[in-house]
Amino acid sequence: MSDQTVCVIIDGQEVRCPAGCTVYEAATTAGIHIPTFCHHPKLVPVGACRQCLVEVEGMRGLQTACTTPVRDNMVVKVHTSPAAVKARKANIEFLLTNHPLDCPVCDKGGECPLQNQAMQDGPGQSRYVEEKRHKNKRYPLSELIVLDQERCVLCWRCIRFLDEWADDHELDLFGRGADTRIDTFPGRPLRSKWQGNTIDICPVGALTSRIFRFEARVWELTNTASVCPLCGVGCNIVLGVKNQKVRRITPRENMEVNDTWICDKGRFAHGFVDHPDRLKTPLIRRNGKLEPATWEEALDLIAARLNAILQEDGPQAMAALGSNQVTNEANYLLQRFMRVVLGTNNVDHIGRIPTGATPLTSLPGLEHRDVIVLLGCDPSTEAPLVELWIKKAVLRHGARVLVANPHQIELCRYGGPWLGYRPGGEVALLNGLVRAVLDVGAKDQAARAANIEESRSWLKAYTPERVEPLCGTPAAALRQAAEVLVQARRPLFLVGPAWTKGSGEQRAFDALANLTLLLNDAETGFVAGDANAWGALQMGVAPHWYPGQQPCQDPEIRNRLSSFWGTKLSPVPGLDWDGMLPACAQGKLKGMWIIGSDPAHRSQTAGEALKRIPFLVVQDLFMTETATLAQVVLPTASFAETEGTLTNLTGRLQMIRPAKRPPGQARPDWWIITELARRMVESKRQKSWDFASAASVFQEIAKVIPGYRGLSYTTLGEAGWQPAPAQVKARRHLVRVEADPPSADPNYPLELVTGRLLYDRGTLLRRASRIQNLVPSPYVIIHPDTANQFGIAHGDPVWLISSQGQLPFTVLVSDEIVAGTVFVPWNVSDPPVGMLVSEPEGLTRVRLAKQE
Amino acid sequence: MLSEKARQEIRTLCQQYPSHQSGLLAALYVAQQEYGGWLPPEALDEVATLMGLPATYVASAASFYTMFHRKPVGHHRIEVCTNISCSLLGADHLLAYLSRKLGIQVGETTPDGQFTLLEVECLGSCGTAPVIKIDDQYYENLTEEKVDHILDRITTGKGRAS
Ligand code: SF4
Ligand code: SF4
Ligand code: FES
Ligand code: FES
C-alpha cells in the first residue's frame, strides 16, 4: 500500500482511502456494511465465498469487494445495485441450503456472522425442501476443538490463520465439490498451540471449543476485560463468566501486545480458577494438623506470633517471599509490610530477573528485526505470543532465527543455525561468536570497539575450534552464525532465564554486550516467563531494592522513603532467597511469609530448609507442597477474582479485573496484608494502612515509583500503559570475560538441563482438565553418545541420579541435544525434577542408570 | 517404505519444477504404484518429507483426485463416470447394475479382492457416453450386456475386451 490516497464513490458517497486498498476496506472505512465470510482483516484475501459481491461501474459482472483493489474515481454500488443485493441474498440462501440450522444447540449462536448476516442480508426463507447433505458432525480435531463439518462454509479462514500466522499447516480442504470438508491429516489431531484462535475467526459454529462446549449461551456471559496471568506476555483477554464460574477466555485486541490472538494455554487452562481444590478458608495448625479457622483467628494468631518473634529475636529473624505471579499491589504491600511493620529487608522472590537484564522494548517491534537470536530462551513454551511475533518476522520479512540452546527448540525449524551448548559454556560461546564476527566482518566490526587492539590478544583463545571443546558448540555453526550476524541490520538478542544460570549474571551479560557492541543497531531484551516478573522486581520485592529499583543502600533514598512511610527504615542489608536458605537451616529465621510461590516443590534443599522454620505462613490458591509445611495457610483470590496490575515482559502495566467472587472465604492479597498490618501497628499509625481497595494501593505505588507518577487505574484503562524504553548506555569497549573450563565430575558426568513445556503438571495446569491429556509422561532426552556410553536405548526406563536423589524417567535418544547434557521438562514428573536440584540453583550434574 | 528407486524418482521430479509443489501429483502417482495402488497415510507422510511439503497439504491434494486412492483397492478398479453426458445416457443405471452384479457399494471392494467400484467425474469421453474406465482402459457406449461381457473377459483372464 502506498501513501497516495484515491477517491472512490460508494453508494453515492465519496470515500478517500489509500491507493491499493480493497473495495471492502474502503467501504468499511466509510461505515458501509458489506457481508463477508472468507474475508478477515488479519488474513490475506482469497475471494472464496462470493458473499461480498458488489457492482463496479465499467466492470463486467459483479466483483468480490474483498479482493478488488480500488482505483481513483471508481464507482461502486453495494446497496444501490439491485443485482448485487440479489446476488448476495442468493449466496446466503445457497449457503443455508445445506446448513444444518442447529442454532439452538450451537455454541456460536448469538455471535455468529452467518446468523447475523442471514438476518441482515439474506432472504429470510429457504426454498430448499430436499434432504440436506451430511458430513461429520461431532468430529474432534484435537483434545481442545471439535468440528462440525455440516456447519462449515468452507471459507478457509481456519486454514489460512494456521498458515499465515502460526505456520502450522495442520488443516486443509479434503475431497472435492459438494463433498469438500475441512480436516486434518488422517488420524492426526491438531497440535498447533494456536488452534484456539480458529474458533474465534470461524464465521460459523463449525469450530467450537471442547472446554466451553454447552457451558453457556454467549448472551448469558458476563464479560470482563482482563489480562492472561500464565506467562510474561500478558495477552489481553476477556473472561466470560456465568453463575460465578469462568466459562471461557477469548482474546481482546491490543496491537502492542497480542494483536488479536492468544495461545491455547491462556485460552483453555482456566479450569484451575473454579477447581474444587481451591483453598476456601484460612487453616491453622492445631495438634500437628491444619484445620479450618476464621480470618480473625488466623490473622490474630499471625500478628501475635510475629510480635513475639520481633520481641525475642528481632526483625532480622523474619523473611518473606513475594512472587512474580501475583499482582504489583500484593508485592508492593508485602515489601512495605516487611520493611515498615517488621523493619527488615529480608524480602525476595524466586526467579528474580537477573541483574543487568533489560525488558524487551516492544512486541510488535519484533516483526521488524531481521535477525533474532534466542539465548537460552524458548519463546514457544515460555512466552508463546513472542513466538507468534517472531514467526511474523520470519514469514513476512524473511528474518533469521539463531538459536543458542542446549537442545533443539521449536524455533530451530527456520534453519538456525542451532548453537547447541553445554550449560556453563555461555561465555565461551559468546566469546567464540565475538571472535568469529571479527574474523568474518573484518574492519567494520572491529571499528566499533575502541579497545579492539588490546582485546585481540585475549580473544586469541576463542577461535571457533578452541571454543568447541569448551561449550560443545560446533565450530562450523559458530562461523555460520557469525556470517548472519555480520550481515544483520537490526539484530535482536532475546535472553531467557536459563542463560545466566551457568555463568553468572554479570559475566553472561558482559560477554553478550561485547558481541552486541560489534553489530549494527543490536538490541537485547529479557524474555520473562512469568506474568509479573518485572513487576515483582519493580515493586521492591528484593532485599537490595526499594520500589522502582531504588537502592536500599542509598541513605538519601532511605530517608525519603522513611518519611514517606512514616517510619525509620532499617539500613541492615536483607537476605536474598539464596541467603534465606542457609539462614533457615541454621535456625536463624523464626518466621516466614510466602505468597504465591512453592519453593518446596522446586527443590529438595528448599523443602528441607523450610521445615526448620518455626512459624511459616503460606498464602496461595491451593494446598501446595510448601503450604503443607506451614503453620498458617491463607486462601487468596485468583487473577479472575481480584483487581490489580501486572507488568509484562516489555514493562507494560496492565490491569486485571474481578470477573467473579473468590470461592468461600478466600480474599485478595492486598486485603490480607492490609488487615495483618492493621493488627500489628499501634493505633495512631493505623491511618497509614487504610487501603480500601487495590486502586488505593496503586495510588501509593504511583507516588513511590518515580517513573509511575500520575498513573492511576483510570489512566491504565483497557489497553495498559507502556513506559518509555530504558536508556541503555552504549558501551564502546570490549570487556575481558574469560570462559570457565568445562566442569567435570566422574560420578556425575552429565549436565542436567531443565525447561518448560507449554502444558505441564504445575500447580495451576494440573487443575485444567483436557490440558492434562496433552502433557507427555515423564521423559529424559539424551544424546546418542550418552546412550552408547551408558548402554541405554530409546524407550528404556532409567534412573536419573544427582547428589540429591534419583528419579525414574523414560529415555528418548535424540541428536537434537548437545552431547554431555540431558534434558528433562519441568513440572511433568511426580515427584518433580526439582528433587534432583540443589539450591542455590546453579548447575546440576547427573548420571544415568538403567532400571532393573 | 518407498523403495530407493521411487525415492530417487520423486527427488528428480522435485528438480523439474521451480517449486516442489508442482511435482506433487506425479510424486503421489509414483508412491501409489509402490504401495499397491493406494496411498496409506505413511505414503503421504513419506512423500511430504521427501518433498519438504506439509503432510496435511499432501493428504489434501491426494484427496482431491479420484485417481488417488486413500483406501486399499482391488486388483481392478472400475471407474464409472457419472458426470452430465454419461448421466443423461444412463450412467446411474449402469452404476447400480455394477453394484448389484458385484454385490458391493460404490467405494467398496469385492471380498475376493478383484474389483473396486468407483464413481468418477468426467472422463473426457462424453461423445461415447456412458463411459467406464477399468484400470487404464476406456470402455465406451456401454450397455448392461457389454458390461457383462467385459467383466467376463476380465475374470476369465482373457484380458481386455474392446
Ligand atoms: S471450519 Fe469455519 S473457518 Fe474453517 S473453513 Fe469452515 S467455516 Fe471457515
Ligand atoms: S502467550 Fe502467555 S499471556 Fe498470552 S495467552 Fe499464552 S500464556 Fe497467556
Ligand atoms: S468475503 Fe469476499 S469472497 Fe468471501
Ligand atoms: S460426462 Fe462422462 S465422460 Fe464426460
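Leaving aside its neighbours within four places in sequence, which residues is A:Arg267 in contact with? In this predicted model, the partners are A:Gly196, A:Asn197, A:Asp200, A:Ile249, A:Thr250, A:Pro251 and A:Ile262. A:Arg267 itself sits in helix H6, which covers residues 264-268 of chain A. With a relative accessible area of 4%, A:Arg267 is buried, because the limit for that class is under 20%. One of its partners, A:Asn197, is joined to A:Arg267 by a polar contact of 3.0 Å between the two side chains.

Ligand 1 is surrounded by 13 residues. The closest are A:Cys152, A:Cys155, A:Trp156, A:Cys158 and A:Cys202. Here 12 residues of the shell are nonpolar, none is polar and one is charged.

A:His39 is found in the loop that runs between helix H1 (23-29) and strand E3 (53-56) of chain A. A:His39 counts as buried because its relative accessibility is 6%, where the class requires under 20%. Apart from neighbours within four places in sequence, A:His39 is in contact with A:Tyr24, A:Cys66, A:Arg157 and A:Arg160.

Attention now turns to the meeting of the two chains. On each side, 14 residues take part: 14 of chain A are in contact with 14 of chain B. Together the chains bury about 1,100 Å² between them, and 58% of this lies on carbon and sulfur atoms. Of the area that chain A buries against chain B, 53% is supplied by A:His169, A:Arg176 and A:Phe185, more than by any other three residues.

Seven residue pairs are in polar contact between chain A and chain B, counting pairs with both residues at pLDDT 80 or more. On the side of chain A that touches chain B, strand E8 (172-174) and strand E9 (181-183) each supply at least two residues. Strand E8 of chain A gives the most, with three residues. The residues on this side of chain A divide into five nonpolar, three polar and six charged. Two salt bridges are counted between chain A and chain B. In one such salt bridge, the side chains of A:Arg188 and B:Asp45 meet at 2.5 Å, N to O.

Side chains of opposite charge can pair when their charged atoms come close. Over all chains, the structure holds 56 salt bridges. A:Asp370 and A:Arg489 form a salt bridge through their side chains, at 3.9 Å from N to O. A:Asp370 lies in the loop between strand E17 (347-348) and strand E18 (371-375) of chain A, and A:Arg489 in the loop between helix H15 (475-487) and strand E21 (491-495), so the pair ties together parts that are 119 residues apart in sequence. A:Asp370 is buried, with a relative accessible area of 16%, whereas A:Arg489 counts as exposed at 55% relative accessibility.

Another salt bridge of chain A brings the side chains of A:Glu465 and A:Arg479 together at 3.1 Å, N to O. This pair links helix H14 (residues 464-471), which holds A:Glu465, with helix H15, which holds A:Arg479, the two residues being 14 apart. A:Glu465 is partly exposed, with a relative accessible area of 44%, and A:Arg479 likewise counts as partly exposed, at 36% relative accessibility.

B:Lys133 forms a salt bridge with B:Glu79, and their closest N and O atoms are 3.3 Å apart. Since B:Lys133 lies in strand E3 (residues 132-134) and B:Glu79 in strand E1 (residues 76-81) of chain B, the pair ties together parts that are 54 residues apart in sequence. Both B:Lys133 and B:Glu79 are buried. Back in chain A, salt bridges that share partners join A:Asp167, A:Asp168, A:Lys193, A:Glu387, A:Lys391, A:Glu410 and A:Arg413 into one network.

Technical notes. Residues are numbered from 1 along each chain as its sequence is written. Chains are lettered from A and ligands numbered from 1 in the order in which they are written. This is a predicted model: local features need pLDDT of at least 70, side-chain atom pairs count only at pLDDT 80 or more; totals for chains, interfaces and linings use all residues. Side-chain values use heavy atoms; hydrogens and water are left out. Contact means heavy atoms within 4.5 Å. Buried area is the accessible area (1.4 Å probe) that two parts lose on being put together, summed over both. A salt bridge is a side-chain nitrogen of Lys or Arg within 4 Å of a carboxyl oxygen of Asp or Glu. A polar contact is a pair of N or O atoms within 3.5 Å; within protein, one must be able to donate a hydrogen and the other to accept it, and residues adjacent in sequence count only if both atoms are side-chain atoms. Helices (H or I, at least four residues) and strands (E, at least two) are DSSP runs, numbered from the N terminus. Ala, Val, Leu, Ile, Met, Phe, Trp, Tyr, Cys and Pro count as nonpolar, Asp, Glu, Lys and Arg as charged, and the others, Gly among them, as polar. Buried means under 20% relative accessible area, exposed over 50%, partly exposed in between (1.4 Å probe, protein chains only). A residue is near a molecule or strand if one of its heavy atoms lies within 4 Å of it.
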